[in-house]
Amino acid sequence: MCRSIKTLRPPVIPEEATQEEITAAALQYVRKISGFRAPAAHNKEVFDQAVEEVAAATAALLAGLEVRGRRTT
C-alpha cells in the first residue's frame, strides 16, 4: 500500500474529490507500481499515459460508488 495515497471519498473527505486530488493519487500509484519517482525521457509518454488512465478510472470509480445508501457525486 502506498501510504501517501489518501482516501478520496466521503465521509473521509467532506466533499467530492477534486481533479487535482485524483491526479495526485494516480501519480502516486503509478510511481509506486513503476518504481520511478520521475521517468526517464524514453519512458515519459507511457508513464504520463498511465497516470491519465488511472485518474480516469479513479474518477469513474468515485462517480459510481454508493456510500451509506447514497451516490458519492
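**A close look at one helix**

Mentor: Exposed means over 50% relative accessible area, buried under 20%, and partly exposed in between, with a 1.4 Å probe and protein chains only. The model is predicted: local features need pLDDT of at least 70, side-chain atom pairs count only at pLDDT 80 or more, and totals for chains, interfaces and linings use all residues. Residues are numbered from 1 along each chain as its sequence is written, and side-chain values use heavy atoms, leaving out hydrogens and water.

The buried residues of α2 are F47, V51, A55 and L62. Seen down the helix axis, these buried residues fall within an arc of 75 degrees, so they line one face of α2; the arc is taken over the directions from the axis to the C-beta atoms. In general, an α-helix has 3.6 residues a turn, so residues three or four places apart point the same way. The buried residues of α2 pack against α1 (19-34), where contact means heavy atoms within 4.5 Å.

As for length, α2 comprises the 21 residues 44-64, which should span 30 Å at 1.5 Å a residue, and its end C-alpha atoms are 30 Å apart, in agreement. The expected span is 1.5 Å times one less than the number of residues.

Of its 73 residues, 21% count as buried.

Notes. Helices (H or I, at least four residues) and strands (E, at least two) are DSSP runs, numbered from the N terminus.
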